[in-house]
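Have a look at the model first, then read on.

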Amino acid sequence: MAANKKLMFLPGDGIGPEVMGQVRKVIDWLGDNRALTFDLDEGLVGGAAYDAHGDSISDETMADSMAADAVLLGAVGGPKWDHVAYEKRPEAALLGLRKNMDLFANLRPAVVFDALIEASTLKPEIVNGLDILILRELTGGVYFGEPKELVDLPDGSQRAVDTQVYTTGEIERIVRVACEMAKKRSNKVTVAQKANVMQTGVLWRDVSQALHDREFPEVEMSQMYADNAAMQLIREPKQFDVIVTDNLFGDVLSDEAAMMTGSLGMLPSASLGAADPVTGKRYALYEPVHGTAPDIAGQDKANPMATVLSFAMMLRYSFDMADDAELIEQSAKNVLASGMRTGDIMTPGSQLVSTTQMGEALLAEMTKLTS
Ligand code: IPM
Ligand code: MG
(Lines give C-alpha, C1' and ligand atoms only; values in the text may rest on other atoms or scores of the structure.)
(Ligands and ions follow the chains in the order given, each with its own letter.)
Protein backbone atom coordinates (compact mmCIF):
# COMPACT_ATOMS: atom_id res chain seq x y z
CA MET A 1 0.00 0.00 0.00
CA ALA A 2 1.23 3.50 -0.78
CA ALA A 3 2.47 5.58 2.14
CA ASN A 4 0.07 8.01 3.71
CA LYS A 5 0.08 11.53 2.34
CA LYS A 6 1.78 13.98 4.66
CA LEU A 7 -0.29 17.01 5.59
CA MET A 8 1.06 20.03 7.39
CA PHE A 9 -1.51 21.99 9.40
CA LEU A 10 -0.79 25.63 10.16
CA PRO A 11 -3.86 26.92 12.03
CA GLY A 12 -2.40 30.38 12.68
CA ASP A 13 -4.29 33.13 14.49
CA GLY A 14 -7.80 34.31 15.34
CA ILE A 15 -10.47 31.93 14.05
CA GLY A 16 -7.80 29.80 12.29
CA PRO A 17 -7.56 27.10 14.97
CA GLU A 18 -11.35 26.65 15.37
CA VAL A 19 -12.13 26.37 11.66
CA MET A 20 -9.19 24.02 11.24
CA GLY A 21 -10.67 21.86 14.01
CA GLN A 22 -13.62 21.09 11.75
CA VAL A 23 -11.25 19.85 9.03
CA ARG A 24 -9.76 17.44 11.56
CA LYS A 25 -13.24 16.01 12.03
CA VAL A 26 -13.63 15.60 8.28
CA ILE A 27 -10.28 13.82 8.17
CA ASP A 28 -11.34 11.50 10.98
CA TRP A 29 -14.57 10.81 9.12
CA LEU A 30 -12.66 9.92 5.94
CA GLY A 31 -10.51 7.54 7.99
CA ASP A 32 -13.51 5.86 9.59
CA ASN A 33 -15.72 5.72 6.52
CA ARG A 34 -13.47 5.68 3.47
CA ALA A 35 -10.33 4.07 4.89
CA LEU A 36 -8.51 7.22 3.86
CA THR A 37 -5.74 8.16 6.27
CA PHE A 38 -3.21 10.96 6.33
CA ASP A 39 -0.11 11.68 8.40
CA LEU A 40 -0.85 14.94 10.15
CA ASP A 41 1.75 17.33 11.45
CA GLU A 42 1.03 20.74 12.92
CA GLY A 43 3.05 23.92 13.38
CA LEU A 44 2.77 27.49 14.58
CA VAL A 45 2.52 30.33 12.10
CA GLY A 46 1.81 34.05 12.21
CA GLY A 47 1.19 35.84 15.49
CA ALA A 48 0.95 32.52 17.34
CA ALA A 49 4.51 31.68 16.26
CA TYR A 50 5.70 35.20 17.07
CA ASP A 51 4.30 34.97 20.59
CA ALA A 52 5.94 31.57 21.09
CA HIS A 53 9.42 32.26 19.73
CA GLY A 54 9.69 35.78 18.33
CA ASP A 55 9.31 35.04 14.63
CA SER A 56 6.28 34.46 12.39
CA ILE A 57 7.48 31.01 11.34
CA SER A 58 10.41 28.92 12.59
CA ASP A 59 12.96 27.35 10.24
CA GLU A 60 11.75 23.97 11.40
CA THR A 61 8.09 24.68 10.60
CA MET A 62 9.12 26.07 7.22
CA ALA A 63 11.12 22.91 6.51
CA ASP A 64 8.28 20.64 7.67
CA SER A 65 5.85 22.54 5.44
CA MET A 66 8.13 22.14 2.45
CA ALA A 67 8.53 18.43 3.16
CA ALA A 68 4.77 17.83 3.35
CA ASP A 69 2.66 16.71 0.40
CA ALA A 70 0.33 19.64 1.05
CA VAL A 71 -0.14 22.43 3.57
CA LEU A 72 -3.44 23.66 5.01
CA LEU A 73 -3.31 27.11 6.58
CA GLY A 74 -5.99 28.80 8.69
CA ALA A 75 -5.32 32.53 8.80
CA VAL A 76 -2.65 34.87 10.12
CA GLY A 77 -2.51 38.34 11.64
CA GLY A 78 -4.54 40.61 13.87
CA PRO A 79 -4.37 43.96 15.64
CA LYS A 80 -2.33 42.42 18.46
CA TRP A 81 0.70 42.25 16.14
CA ASP A 82 0.24 45.59 14.34
CA HIS A 83 3.40 47.00 15.88
CA VAL A 84 5.67 44.02 15.38
CA ALA A 85 8.76 44.71 13.20
CA TYR A 86 7.96 44.49 9.46
CA GLU A 87 10.08 41.34 8.85
CA LYS A 88 8.49 39.54 11.79
CA ARG A 89 4.84 40.49 11.24
CA PRO A 90 2.43 37.52 10.91
CA GLU A 91 1.91 38.13 7.17
CA ALA A 92 5.66 37.64 6.58
CA ALA A 93 5.24 33.91 7.28
CA LEU A 94 2.63 33.61 4.58
CA LEU A 95 4.76 35.48 2.06
CA GLY A 96 7.77 33.34 3.04
CA LEU A 97 5.82 30.12 2.48
CA ARG A 98 4.60 31.36 -0.90
CA LYS A 99 8.09 32.39 -1.97
CA ASN A 100 10.02 29.37 -0.66
CA MET A 101 7.62 26.92 -2.25
CA ASP A 102 7.38 29.05 -5.41
CA LEU A 103 3.57 28.96 -5.24
CA PHE A 104 3.08 31.14 -8.28
CA ALA A 105 -0.49 30.11 -9.14
CA ASN A 106 -3.19 31.20 -6.71
CA LEU A 107 -6.65 29.87 -7.53
CA ARG A 108 -9.49 31.84 -5.98
CA PRO A 109 -12.87 30.59 -7.14
CA ALA A 110 -15.82 32.89 -6.51
CA VAL A 111 -18.93 30.77 -6.56
CA VAL A 112 -22.43 31.79 -5.53
CA PHE A 113 -24.20 28.98 -3.71
CA ASP A 114 -27.91 28.89 -4.59
CA ALA A 115 -28.87 28.84 -0.93
CA LEU A 116 -26.87 32.01 -0.30
CA ILE A 117 -28.04 34.30 -3.10
CA GLU A 118 -29.78 36.50 -0.54
CA ALA A 119 -26.50 37.01 1.32
CA SER A 120 -24.94 38.92 -1.59
CA THR A 121 -25.18 42.70 -1.60
CA LEU A 122 -25.78 42.49 -5.36
CA LYS A 123 -29.15 41.80 -6.98
CA PRO A 124 -29.98 38.08 -7.24
CA GLU A 125 -30.25 38.17 -11.05
CA ILE A 126 -26.73 39.60 -11.27
CA VAL A 127 -25.11 36.88 -9.15
CA ASN A 128 -27.24 33.73 -9.37
CA GLY A 129 -25.23 30.85 -10.76
CA LEU A 130 -22.04 32.92 -10.69
CA ASP A 131 -18.90 30.78 -10.98
CA ILE A 132 -15.69 32.61 -11.79
CA LEU A 133 -12.06 31.85 -11.08
CA ILE A 134 -9.57 34.54 -10.21
CA LEU A 135 -6.09 33.33 -10.97
CA ARG A 136 -3.62 35.52 -9.13
CA GLU A 137 0.13 35.50 -9.77
CA LEU A 138 1.49 35.01 -6.26
CA THR A 139 5.27 35.12 -6.15
CA GLY A 140 6.20 38.21 -8.15
CA GLY A 141 5.21 41.80 -8.72
CA VAL A 142 5.12 44.54 -6.15
CA TYR A 143 4.94 42.10 -3.22
CA PHE A 144 8.52 40.96 -3.75
CA GLY A 145 10.18 43.41 -6.20
CA GLU A 146 13.39 45.16 -5.13
CA PRO A 147 14.09 47.85 -4.08
CA LYS A 148 11.48 47.76 -1.36
CA GLU A 149 12.26 50.24 1.35
CA LEU A 150 11.19 53.00 3.69
CA VAL A 151 14.01 55.49 4.19
CA ASP A 152 14.48 58.63 6.27
CA LEU A 153 15.37 61.76 4.32
CA PRO A 154 17.69 64.55 5.57
CA ASP A 155 14.75 66.93 5.99
CA GLY A 156 13.10 64.56 8.46
CA SER A 157 10.48 63.29 6.03
CA GLN A 158 10.47 59.78 4.58
CA ARG A 159 10.44 58.10 1.21
CA ALA A 160 8.91 54.68 0.49
CA VAL A 161 9.49 52.49 -2.54
CA ASP A 162 7.86 49.26 -3.72
CA THR A 163 8.84 47.85 -7.07
CA GLN A 164 6.62 46.12 -9.60
CA VAL A 165 8.71 43.67 -11.63
CA TYR A 166 7.68 40.86 -13.99
CA THR A 167 9.57 38.77 -16.51
CA THR A 168 8.24 37.01 -19.60
CA GLY A 169 8.63 33.61 -17.93
CA GLU A 170 6.70 34.60 -14.82
CA ILE A 171 3.78 35.83 -16.91
CA GLU A 172 3.82 32.87 -19.27
CA ARG A 173 3.60 30.25 -16.56
CA ILE A 174 0.56 31.77 -14.86
CA VAL A 175 -1.22 32.54 -18.14
CA ARG A 176 -0.63 28.95 -19.21
CA VAL A 177 -2.39 27.74 -16.05
CA ALA A 178 -5.24 30.17 -16.78
CA CYS A 179 -5.71 28.81 -20.30
CA GLU A 180 -5.54 25.20 -19.13
CA MET A 181 -8.16 25.84 -16.45
CA ALA A 182 -10.40 27.77 -18.84
CA LYS A 183 -10.47 24.77 -21.19
CA LYS A 184 -12.09 22.75 -18.39
CA ARG A 185 -14.57 25.55 -17.68
CA SER A 186 -16.20 28.04 -20.08
CA ASN A 187 -13.08 28.57 -22.21
CA LYS A 188 -12.70 32.30 -21.54
CA VAL A 189 -9.68 34.10 -20.10
CA THR A 190 -9.62 37.80 -19.26
CA VAL A 191 -6.20 39.31 -18.60
CA ALA A 192 -6.49 42.23 -16.17
CA GLN A 193 -3.56 44.67 -16.45
CA LYS A 194 -2.77 48.37 -16.69
CA ALA A 195 -0.95 48.55 -20.02
CA ASN A 196 -2.09 52.17 -20.26
CA VAL A 197 0.15 53.29 -17.38
CA MET A 198 2.55 50.49 -16.48
CA GLN A 199 5.40 48.85 -18.40
CA THR A 200 4.62 45.65 -16.53
CA GLY A 201 1.09 46.04 -17.88
CA VAL A 202 2.41 46.25 -21.45
CA LEU A 203 4.41 43.07 -20.82
CA TRP A 204 1.41 41.27 -19.31
CA ARG A 205 -0.72 42.19 -22.31
CA ASP A 206 1.82 41.28 -24.97
CA VAL A 207 3.16 38.10 -23.36
CA SER A 208 -0.30 36.74 -22.55
CA GLN A 209 -1.58 37.46 -26.05
CA ALA A 210 1.46 35.87 -27.71
CA LEU A 211 1.22 32.78 -25.49
CA HIS A 212 -2.45 32.50 -26.32
CA ASP A 213 -1.86 32.76 -30.07
CA ARG A 214 0.96 30.23 -29.92
CA GLU A 215 -0.39 27.59 -27.53
CA PHE A 216 -4.10 28.18 -26.90
CA PRO A 217 -5.73 29.70 -29.99
CA GLU A 218 -8.94 27.78 -29.16
CA VAL A 219 -9.38 29.66 -25.86
CA GLU A 220 -11.17 33.01 -25.98
CA MET A 221 -8.81 35.64 -24.52
CA SER A 222 -9.58 39.28 -23.85
CA GLN A 223 -7.50 42.09 -22.39
CA MET A 224 -9.01 44.46 -19.85
CA TYR A 225 -7.61 47.29 -17.74
CA ALA A 226 -7.68 46.23 -14.12
CA ASP A 227 -9.77 49.22 -12.98
CA ASN A 228 -12.34 48.43 -15.64
CA ALA A 229 -12.30 44.79 -14.51
CA ALA A 230 -13.12 45.96 -10.98
CA MET A 231 -16.08 47.88 -12.35
CA GLN A 232 -17.25 45.12 -14.72
CA LEU A 233 -17.16 42.61 -11.87
CA ILE A 234 -19.84 44.58 -10.07
CA ARG A 235 -21.78 45.50 -13.21
CA GLU A 236 -21.98 42.14 -14.94
CA PRO A 237 -19.88 39.47 -13.22
CA LYS A 238 -21.21 36.62 -15.33
CA GLN A 239 -19.32 37.94 -18.38
CA PHE A 240 -16.17 36.44 -16.78
CA ASP A 241 -14.91 32.89 -16.58
CA VAL A 242 -11.20 32.98 -15.64
CA ILE A 243 -9.53 36.28 -14.76
CA VAL A 244 -5.73 36.11 -14.70
CA THR A 245 -3.80 38.98 -13.20
CA ASP A 246 -0.74 40.07 -11.24
CA ASN A 247 -0.14 39.75 -7.53
CA LEU A 248 -1.53 43.10 -6.36
CA PHE A 249 -4.48 43.40 -8.76
CA GLY A 250 -5.27 39.80 -7.92
CA ASP A 251 -5.29 40.58 -4.21
CA VAL A 252 -7.81 43.36 -4.75
CA LEU A 253 -9.99 41.76 -7.43
CA SER A 254 -10.24 38.48 -5.51
CA ASP A 255 -11.55 40.23 -2.40
CA GLU A 256 -14.08 42.03 -4.55
CA ALA A 257 -15.18 38.84 -6.29
CA ALA A 258 -15.33 37.01 -2.97
CA MET A 259 -17.62 39.55 -1.36
CA MET A 260 -19.96 39.54 -4.36
CA THR A 261 -20.81 36.01 -3.39
CA GLY A 262 -21.98 37.38 -0.05
CA SER A 263 -19.95 34.86 1.79
CA LEU A 264 -16.28 35.46 2.38
CA GLY A 265 -16.62 32.69 4.94
CA MET A 266 -17.41 30.19 2.18
CA LEU A 267 -14.51 30.67 -0.21
CA PRO A 268 -11.50 28.37 -0.44
CA SER A 269 -8.23 28.92 -2.27
CA ALA A 270 -5.28 26.92 -3.54
CA SER A 271 -1.74 28.10 -4.19
CA LEU A 272 0.24 25.80 -6.43
CA GLY A 273 3.80 25.56 -7.64
CA ALA A 274 5.09 23.87 -10.78
CA ALA A 275 5.27 20.07 -10.82
CA ASP A 276 8.85 18.81 -10.38
CA PRO A 277 9.84 17.31 -13.76
CA VAL A 278 11.52 14.33 -12.07
CA THR A 279 9.42 13.47 -9.02
CA GLY A 280 6.14 15.00 -10.16
CA LYS A 281 5.79 16.61 -6.74
CA ARG A 282 4.00 19.94 -6.72
CA TYR A 283 4.22 22.28 -3.76
CA ALA A 284 0.75 23.27 -2.63
CA LEU A 285 -0.80 25.37 0.09
CA TYR A 286 -4.53 25.62 0.70
CA GLU A 287 -6.23 28.29 2.75
CA PRO A 288 -9.58 30.02 3.18
CA VAL A 289 -9.84 33.44 1.52
CA HIS A 290 -11.08 35.06 4.74
CA GLY A 291 -8.83 36.47 7.45
CA THR A 292 -8.51 35.91 11.20
CA ALA A 293 -11.73 37.73 12.24
CA PRO A 294 -10.31 38.72 15.67
CA ASP A 295 -13.71 40.10 16.75
CA ILE A 296 -15.25 36.62 16.89
CA ALA A 297 -12.13 34.50 17.52
CA GLY A 298 -12.48 31.76 20.11
CA GLN A 299 -16.27 32.09 20.31
CA ASP A 300 -17.30 29.14 18.13
CA LYS A 301 -19.03 31.53 15.74
CA ALA A 302 -16.83 31.39 12.64
CA ASN A 303 -17.87 29.75 9.42
CA PRO A 304 -15.70 26.64 8.90
CA MET A 305 -16.84 26.08 5.30
CA ALA A 306 -14.05 27.99 3.52
CA THR A 307 -11.41 25.94 5.31
CA VAL A 308 -13.24 22.66 4.80
CA LEU A 309 -13.69 23.52 1.11
CA SER A 310 -9.97 24.39 0.92
CA PHE A 311 -9.29 20.88 2.18
CA ALA A 312 -11.59 19.59 -0.59
CA MET A 313 -9.49 21.54 -3.10
CA MET A 314 -6.43 19.82 -1.64
CA LEU A 315 -8.00 16.42 -2.25
CA ARG A 316 -8.74 17.41 -5.83
CA TYR A 317 -5.55 19.22 -6.87
CA SER A 318 -2.86 17.54 -4.76
CA PHE A 319 -4.19 14.01 -4.39
CA ASP A 320 -6.46 13.39 -7.38
CA MET A 321 -9.32 12.43 -5.04
CA ALA A 322 -12.08 14.18 -6.95
CA ASP A 323 -14.81 11.87 -5.58
CA ASP A 324 -14.01 12.69 -1.98
CA ALA A 325 -13.70 16.38 -2.83
CA GLU A 326 -17.15 16.30 -4.45
CA LEU A 327 -18.63 14.52 -1.46
CA ILE A 328 -17.46 17.33 0.82
CA GLU A 329 -18.62 20.04 -1.58
CA GLN A 330 -22.04 18.50 -2.10
CA SER A 331 -22.47 18.05 1.65
CA ALA A 332 -21.63 21.72 2.17
CA LYS A 333 -24.30 22.72 -0.35
CA ASN A 334 -26.88 20.46 1.26
CA VAL A 335 -26.19 21.76 4.74
CA LEU A 336 -26.73 25.31 3.50
CA ALA A 337 -29.85 24.29 1.62
CA SER A 338 -31.20 22.90 4.89
CA GLY A 339 -31.11 26.45 6.26
CA MET A 340 -28.15 26.28 8.64
CA ARG A 341 -26.09 29.46 8.78
CA THR A 342 -23.15 30.80 10.73
CA GLY A 343 -23.36 34.50 11.60
CA ASP A 344 -21.46 35.73 8.54
CA ILE A 345 -24.08 34.35 6.13
CA MET A 346 -27.12 34.60 8.40
CA THR A 347 -30.36 35.80 6.81
CA PRO A 348 -33.81 36.17 8.42
CA GLY A 349 -35.63 32.87 8.74
CA SER A 350 -32.47 30.74 8.72
CA GLN A 351 -31.09 28.73 11.63
CA LEU A 352 -28.07 30.30 13.33
CA VAL A 353 -25.49 27.64 14.23
CA SER A 354 -22.01 27.54 15.75
CA THR A 355 -18.75 26.52 14.11
CA THR A 356 -18.98 23.15 15.83
CA GLN A 357 -22.60 22.59 14.84
CA MET A 358 -21.80 23.44 11.23
CA GLY A 359 -18.94 20.94 11.26
CA GLU A 360 -21.15 18.25 12.74
CA ALA A 361 -23.93 18.92 10.24
CA LEU A 362 -21.40 18.51 7.48
CA LEU A 363 -20.32 15.09 8.77
CA ALA A 364 -23.92 13.99 9.16
CA GLU A 365 -24.56 14.98 5.56
CA MET A 366 -21.46 13.13 4.35
CA THR A 367 -22.71 10.05 6.15
CA LYS A 368 -26.17 10.45 4.64
CA LEU A 369 -24.84 10.88 1.11
CA THR A 370 -22.71 7.75 1.33
CA SER A 371 -25.09 5.37 3.07
C1 IPM B 1 -4.38 37.53 0.77
C2 IPM B 1 -4.01 38.43 1.92
C3 IPM B 1 -2.50 38.52 1.99
C4 IPM B 1 -2.02 39.19 0.72
C5 IPM B 1 -1.95 39.23 3.23
C6 IPM B 1 -2.48 38.62 4.51
C7 IPM B 1 -0.44 39.27 3.22
O8 IPM B 1 -4.63 39.66 1.78
O9 IPM B 1 -3.93 36.36 0.77
O10 IPM B 1 -5.10 37.97 -0.12
O11 IPM B 1 -1.99 40.43 0.62
O12 IPM B 1 -1.65 38.47 -0.20
MG1 MG C 1 -6.01 39.76 0.18
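A salt bridge here is a side-chain nitrogen of Lys or Arg within 4 Å of a carboxyl oxygen of Asp or Glu. Keep in mind that this is a predicted model, so local features need pLDDT of at least 70, side-chain atom pairs count only at pLDDT 80 or more, and totals for chains, interfaces and linings use all residues. Residues are numbered from 1 along each chain as its sequence is written, chains are lettered from A and ligands numbered from 1 in the order in which they are written, and side-chain values use heavy atoms, with hydrogens and water left out.

**Charge pairs**

Searching the whole structure turns up 18 salt bridges. These are some of them:

| Pair | N to O distance |
|---|---|
| Lys148 and Asp162 | 2.8 Å |
| Arg34 and Asp324 | 2.8 Å |
| Asp102 and Arg173 | 3.1 Å |
| Arg235 and Glu236 | 3.2 Å |

Helices (H or I, at least four residues) and strands (E, at least two) are DSSP runs, numbered from the N terminus. Lys148 sits in strand S6 (residues 145–152) and Asp162 in strand S7 (residues 158–163), so this pair ties together parts 14 residues apart in sequence. For accessibility, buried means under 20% relative accessible area, exposed over 50%, and partly exposed in between (1.4 Å probe, protein chains only). Lys148 is partly exposed at 28%, and Asp162 is partly exposed at 48%.

Arg34 in helix H1 (residues 16–34) and Asp324 in helix H11 link distant parts of the chain, 290 residues apart. Arg34 is partly exposed at 33%, whereas Asp324 is buried at 10%.

**Where the domains meet**

The chain splits into domain 1 (1–104 + 273–371) and domain 2 (113–262), with bounds from an automatic or database domain assignment. Their C-alpha centres lie 24 Å apart. Contact (heavy atoms within 4.5 Å) involves 17 residues from domain 1 and 19 residues from domain 2.

The buried area is about 1500 Å², with carbon and sulfur atoms giving 70%; that's the accessible area (1.4 Å probe) two parts lose on being put together, summed over both. On the domain 1 side, Arg98, Lys99 and Phe104 lose the most area to domain 2, together 39% of what that side buries. The rule finds one salt bridge across this interface.

Helix H4 (90–100) is among the elements giving two or more residues to that side of domain 1. Eight of the eleven residues of H4 are buried, so the helix is largely enclosed by the rest of the structure; Arg98 is one of the buried ones. After H4 comes Asp102, with a positive phi near 50°.
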